[in-house]
Protein chains: 2
Amino acid sequence: MIELSKAEFEVLDALWIDYPATASQIIDRLSDDKQWHEKTIKTLLGRLVKKGALTFEKDGRQYIYTPSIDRADYTLKESQSFVERFFSGRIAPLVSGFAKSQQLSEQDINDLKKVIDEWEKDHK
Amino acid sequence: MIELSKAEFEVLDALWIDYPATASQIIDRLSDDKQWHEKTIKTLLGRLVKKGALTFEKDGRQYIYTPSIDRADYTLKESQSFVERFFSGRIAPLVSGFAKSQQLSEQDINDLKKVIDEWEKDHK
DNA sequence: ACACATTGATTACAGATGTAATTATTAAAT
DNA sequence: ATTTAATAATTACATCTGTAATCAATGTGT
């Protein structure tokens with residue numbers, strides 16, 4: 001699988017918001033949270049292209065970028081590897097840690113219940 | 001918080017299994033899964049000491065290592081940051097991704113239910 | 001047609017990381 | 001006491017990462 005650094009992921013994440021998009025659109029989106037120099041973002045875009053995480057088409061002197069991987073796929077793979085490394089592949093201990101440290105809201109609990117209901121529906 | 005690389009974490013994880021422990025004990029434990037050179041593990045131990053993730057006492061010519069951070073604390077922090085980056089801090093979408101891709105067993109579902117029950121007990 | 005402004009390409013550079021080899025130290029064996 | 005073997009300390013080195021600066025190309029305005 002394609003391995004992305006944290007910074008690279010953030011840039012790709014800005015593209016996932018809406019694509020295709022130009023570098024300046026991406027820079028624009030990122031400027032809200034991050035205080036990255038435009039050059040930095042260009043560098044990261046270049047590295048993402050090199051890693052095959054996105055493609056581009058020329059439009060005059062600009063590039064129009066499109067992600068070449070799916071966000072859900074990518075985050076699932078990362079989640080699997082994370083849960084494997086930290087919790088031997090079991091997800092409940094992760095959730096349990098959140099619960100114990102007061103990180104779960106009523107909303108989270110309801111969402112989790114919904115996931116469980118779905119699962120049970122599919123496995124009956 | 002202390003930032004550990006993947007390799008560093010694996011070494012610390014081998015120490016968490018049982019401690020205090022000597023370098024050779026740790027090397028021994030790791031040799032099952034990893035094919036790291038002994039020197040590599042020593043280097044990682046040194047970096048872990050430098051980062052303050054573990055301490056040691058001398059016992060003759062050997063060092064006896066002890067973790068200076070708690071595994072549950074560390075994994076919780078990492079989990080929070082992971083969930084924040086990939087799922088805007090919400091845990092349910094992570095679990096949902098696992099469910100949708102057939103990564104959840106009956107056992108996982110039961111464990112999750114237990115976590116939810118606990119949570120509800122504490123919040124009544 | 002030409003200077004300018006914009007965008008992409010190339011280069012930079014320090015610190016982190018993976019993966020050890022080399023060197024120094026010292027307890028243990030002879 | 002001296003050699004040896006084990007252990008730790010120091011050094012190595014390529015790649016990745018964060019964070020840009022500089023160079024090159026090219027569309028645009030005058």
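A residue is taken here as buried if 20 or more other C-beta atoms lie within 10 Å of its own, and as exposed if 12 or fewer do, with partly exposed residues in between. By this criterion, in a model that is predicted, helix H5 of chain A (residues 92–100) has buried positions at A:Ala92, A:Leu94, A:Val95, A:Ser96, A:Gly97 and A:Ala99. The cover over these buried residues includes H4 of chain A, and from the other chain it includes H4, H5 and H6 of chain B. H5(A) is followed by A:Gln102, a residue with a positive phi near 60°.

The contact between the two protein chains draws 29 residues from chain A and 29 residues from chain B. On the side of chain B that touches chain A, two or more residues are given by each of helix H4 (71–87), helix H5 (92–100) and helix H6 (106–122) of chain B. H6(B) provides the largest share of this side, with nine residues. By class, the side of chain B that touches chain A comprises 16 nonpolar, seven polar and six charged residues.

Within this contact, helix H4 (residues 71–87) of chain A and H4(B) have axes that come within 12 Å and cross at roughly 180°. Since angles over 145 degrees count as roughly antiparallel, H4(A) and H4(B) are therefore described as roughly antiparallel to each other. On the side of H4(A) the contact is made by A:Thr75, A:Glu78, A:Phe82 and A:Phe86, and on the side of H4(B) by B:Thr75, B:Glu78, B:Ser79, B:Phe82 and B:Phe86. Sorted by class, the residues of this helix contact are four nonpolar, three polar and two charged.

For the surface near DNA strand D, helix H1 (6–16) and H3 of chain A each supply at least two residues, as do helix H2 (23–30), H3 and E3 of chain B. The class composition near DNA strand D is five nonpolar, ten polar and eight charged residues.

In chain A, H1(A) and H2(A) pack with their axes 9 Å apart and at an angle of about 105°. Because angles of 65 to 115 degrees count as roughly perpendicular, H1(A) and H2(A) are assigned to that class. The residues that meet are A:Val11, A:Ala14 and A:Leu15 in H1(A) and A:Ile26, A:Arg29 and A:Leu30 in H2(A). Five of the residues in this contact are nonpolar, one is charged and none is polar.

Strand E2 (residues 54–59) of chain A runs antiparallel to E3(A), to which it is joined by six bridges. Across this pairing, A:Phe56 stands opposite A:Tyr65 in E3(A). The two strands E2(A) and E3(A) form a hairpin with two residues between them, and A:Gly60 in the turn has a positive phi of about 65°.

In chain B, three strands form an open sheet in the order E1-E3-E2, with antiparallel pairing. Strand E1 (21–22) and strand E2 (54–59) of chain B stand at the edges with a single partner strand each, so that one side of each is left without a neighbour in the sheet. E1(B) is paired with strand E3 (residues 62–67) of chain B in the antiparallel sense over two bridges, and B:Thr22 has B:Ile64 in E3(B) as its bridge partner. H1(B) packs on the sheet, where it touches E1, E2 and E3 of chain B, and its direction makes about 90° with that of E3(B).

The loop between E3 and H4 of chain B contains B:Ile69. This residue counts as partly exposed because B:Ile69 has 18 C-beta neighbours inside 10 Å. Apart from its neighbours within four places in sequence, B:Ile69 is in contact with B:Ile2, B:Ala53 and B:Tyr74.

Conventions: Residues are numbered from 1 along each chain as its sequence is written. Chains are lettered from A and ligands numbered from 1 in the order in which they are written. This is a predicted model: local features need pLDDT of at least 70, side-chain atom pairs count only at pLDDT 80 or more; totals for chains, interfaces and linings use all residues. Two residues are in contact if their C-beta atoms, placed from the backbone, lie within 7 Å. Helices (H or I, at least four residues) and strands (E, at least two) are DSSP runs, numbered from the N terminus. Ala, Val, Leu, Ile, Met, Phe, Trp, Tyr, Cys and Pro count as nonpolar, Asp, Glu, Lys and Arg as charged, and the others, Gly among them, as polar. Two strands pair if DSSP finds at least two bridges between them. Axes are lines fitted to C-alpha atoms, for helices over the stretch in contact, and angles run from 0 to 180 degrees between N-to-C directions. Angles under 35 degrees count as roughly parallel, over 145 as roughly antiparallel, 65 to 115 as roughly perpendicular and the rest as oblique.
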